[in-house]
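Have a look at the model below before reading on. The notes after it go through a few spots worth checking on screen.

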Amino acid sequence: MSHKMNIIDRKGNQTTINVEEGMTIKDAIEDELSPDNYGVCGGCCACGTCHVYVKSSDFNKLENKENEEITTLESLALEPNSYSRLGCQVQFKKEYDNITITIAPD
Ligand code: FES
């Protein structure tokens, strides 16, 4: 079952992409938009390049971060804020339908 996710790219352009439940936000973004320098470690929580900002009103719909994600966000992600997530650590759920994500700077 496919759902929708709104993505704002690094140039500020918004697109809506399809995402399957269980897929990571990183994989969905890579498949549809393949931004440069995004998801470099392949989803191992080791690079911080899959960093995204979740729209503030959507942020609390997501499951909480594990410690590993917090550590990588703090140590490697560029310009993290309180709505930061690592795309490789968030598996899409149907409850997330229509959330809006901004790809962080590289
Ligand atoms: S892809 Fe490297 S931390 Fe997510």
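What follows is a short walk through a helix, a hairpin, a serine and the cysteines.

This is a predicted model, so local features are reported at pLDDT of at least 70 and side-chain atom pairs only at pLDDT 80 or more, while totals for chains, interfaces and linings use all residues. Residues are numbered from 1 along each chain as its sequence is written, and side-chain values use heavy atoms, with hydrogens and water left out.

Let's start with helix H1, which spans residues 25-33; helices (H or I, at least four residues) and strands (E, at least two) are DSSP runs, numbered from the N terminus. Its buried residues are Ile 25, Lys 26, Ala 28 and Ile 29. They sit on the same side of H1, because they cover an arc of only 165° around the axis, taken from the directions from the helix axis to the C-beta atoms. Their cover includes strands E1 (2-8), E2 (14-20), E3 (51-54) and E5 (99-103).

Leu 33 also belongs to H1. Leu 33 touches Ile 7, Thr 15 and Ile 103, leaving aside residues up to four places away in sequence; contact means heavy atoms within 4.5 Å.

E1 and E2 run antiparallel and are joined by seven bridges (strands pair if DSSP finds at least two bridges between them). Their hairpin has five residues between the strands, and Gly 12 there has a positive phi near 90°.

Now for Ser 84, in strand E4 (residues 84-86). The side chain of Ser 84 makes a polar contact with the side chain of His 51 at 2.8 Å; such a contact is a pair of N or O atoms within 3.5 Å, where within protein one must be able to donate a hydrogen and the other to accept it, and residues adjacent in sequence count only if both atoms are side-chain atoms. A polar atom of the Ser 84 side chain also lies 2.7 Å from the backbone nitrogen of Asn 81.

Here is how some residues score for burial (buried is under 20% relative accessible area, exposed over 50%, partly exposed in between; 1.4 Å probe, protein chains only).

| Residue | Relative accessible area | Class |
|---|---|---|
| Cys 47 | 17% | buried |
| Cys 50 | 2% | buried |
| Ser 84 | 1% | buried |
| Leu 33 | 30% | partly exposed |

How many disulfides does the whole structure have? The search finds zero, with a disulfide taken as a pair of cysteine sulfur atoms within 2.5 Å.
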